[in-house]
Amino acid sequence: MPFCICWANENWSRRWDGSENEILVQQVHNEQTDEDFIHDVIPLFKDSRYIKINSAPLLIVYRISLMPSPSQTAKVWREICAANGIPEIYLCIAETFGSNDPRPYGFNAAVQFPPHGMVAGLENDNIEDLAEGYTGKIYDFKNVIQYELARELPTYKQFPGVMLAWDNTARKKKSGNVFINSSPEAYEIWLRGAIDRVKQTLPEDEQFVFINAWNEWAEGTHLEPDQKNGRGYLEATRRALMGNSDWHTVLDYAEQLPELASEAKKHFLSDIRFALERLTKVNTLLLSIDIPNFVATMRSGLPYSFVGLKHLESGVGTLERLNHYHYPFTQTGYSSRIKNR
């Protein structure tokens, strides 16, 4: 699998359980340590799987603000790489802890790293029965999406980033922050917007979108399947990448856009046409089937629904998703419902 590095250039502390003040390994920044780092990763740059932009290995620095002289470090890194057979490297800063514009640091671009830099109003006062002593902040995931899809592009080069959800109370207990109203469908809308943005604004060799994260379990944002959503986030990612979201999602996405440029409008109409054509084919097939016999021979565990075309509690089972759904991890409720019909 292709890969690149995001250097977490900060102290290693007991962050997994919230004890951030207990440092296990200190990260020291000086000329020697920065040179040591680039020498350590040069063998990775030469790996055939390493992600490159215009033949330059892509390297991200997580906390550029901790480096005493990042522009000088960037210059030295490029010189060391060139001396080791790597003519150029593509340096990115992560937009974290107030850092965003990469140009003053001598870097090529920035990478969004949500929830850093995300904008949303506080929802604490609207949530009932909060745990006593809770000091964290609660935000609305959907508000973040609205802002991200409507905001103006920065003047510097930026790779968009999205997150799947967020809840780090497992790590920080009552001081953890939570984003409510997250779901695979909401994430899919955000991801579609990020993908459309890079396709419209960046050269083909630089069309990257970063996702936080594959398995950040302690912060509640993970692509890996779980008991609640099954493979939902993976399926949503595939739909967004292939441009074949169902028509509900496509319409929801269109509603979030402040305006539709000519190229975006073209893709939007194409997606709507594809989704509705698929729906028509499925309806045509179902109408040709003897429904009683079809129901009687259905296998337990598949998400079918014919009565009222409603969602099942355990997963999505509406008619329009019959050939376009994710298997939930648990199948409770399917067998009894099928037998009753």
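## Close-up views of a predicted model

View 1. Leaving out residues up to four places away in sequence, Thr237 touches Tyr187, Leu191, Ile211 and Leu223. The model shown here and in the following views is predicted. Thr237 itself lies in helix 6, and, because its relative accessibility is 11%, which falls under the 20% limit, Thr237 counts as buried. The view also takes in Glu188, which is 49 residues away from Thr237 along the chain, although the C-alpha atoms of the two residues are separated by 6.5 Å.

**View 2. Packing of helix 5 against helix 6.** Helix 5, made of residues 184-201, packs on helix 6, made of residues 232-242, at an angle of about 30°, and the axes of the two helices are 9 Å apart. Because angles under 35 degrees count as roughly parallel, helix 5 is described as roughly parallel to helix 6. The crossing in which helix 5 passes helix 6 is right-handed. On the side of helix 5 the contact is made by Pro184, Tyr187, Glu188, Leu191, Arg192 and Ile195, while helix 6 contributes Gly232, Tyr233, Ala236, Thr237, Arg239, Ala240 and Leu241.

**View 3. Packing of helix 1 against helix 2.** In this view helix 1 (residues 31-45) and helix 2 (residues 70-83) are packed together at an angle of about 45°, with 10 Å between their axes. Helix 1 and helix 2 are therefore oblique to each other, and helix 1 passes helix 2 in a crossing that is right-handed. From helix 1, the residues Asp34, Glu35, Phe37, Ile38, His39, Ile42 and Phe45 meet Thr73, Val76, Trp77, Ile80 and Cys81 from helix 2. The residues of the contact of helix 1 with helix 2 are divided into 8 nonpolar, 2 polar and 2 charged.

**View 4. His116 in the loop between strand 7 and strand 8.** His116 has its place in the loop that runs between strand 7 and strand 8, the latter spanning residues 138-140. With a relative accessibility of 23%, His116 counts as partly exposed. When neighbours within four places in sequence are left aside, His116 is in contact with Tyr62, Glu95, Thr96 and Phe97. With Tyr62, a polar contact of 3.3 Å joins the side chains of the two residues. Phe97 is 19 residues from His116 in sequence, and the distance between them in space is 7.0 Å, taken from C-alpha to C-alpha.

**View 5. Asp101 in the loop between strand 6 and strand 7.** Asp101 is found in the loop between strand 6, which covers residues 90-95, and strand 7, which covers residues 109-112. The side chains of Asp101 and Arg103 are joined by a polar contact of 2.7 Å. If residues up to four places away in sequence are not counted, Asp101 touches Ile93 and Tyr156.

**View 6. The chain as the setting of the close-ups.** The secondary structure of the chain comes to 10 helices and 13 strands. Of the 341 residues in the chain, 45% are buried. Among the contacts in the chain that link residues at least 6 apart in sequence, 65% join residues that are at least 24 apart.

Conventions:
Residues numbered from 1 in each chain as written. Predicted model: local features only at pLDDT ≥ 70, side-chain atom pairs only at ≥ 80, totals over all residues. Heavy atoms only, no water. Axes fitted to C-alpha atoms, helices over the stretch in contact; angles between N-to-C directions. Helix = DSSP H or I, 4+ residues; strand = E, 2+ residues; numbered from the N terminus. Parallel < 35°, antiparallel > 145°, perpendicular 65-115°, else oblique. Left-handed = near helix turned anticlockwise from the far one by under 90°. Contact = heavy atoms within 4.5 Å. Nonpolar A, V, L, I, M, F, W, Y, C, P; charged D, E, K, R; others polar. Polar contact = N/O pair within 3.5 Å; in protein donor to acceptor, adjacent residues only side chain to side chain. Buried < 20%, exposed > 50% of the residue type's maximum accessible area, 1.4 Å probe, protein only.
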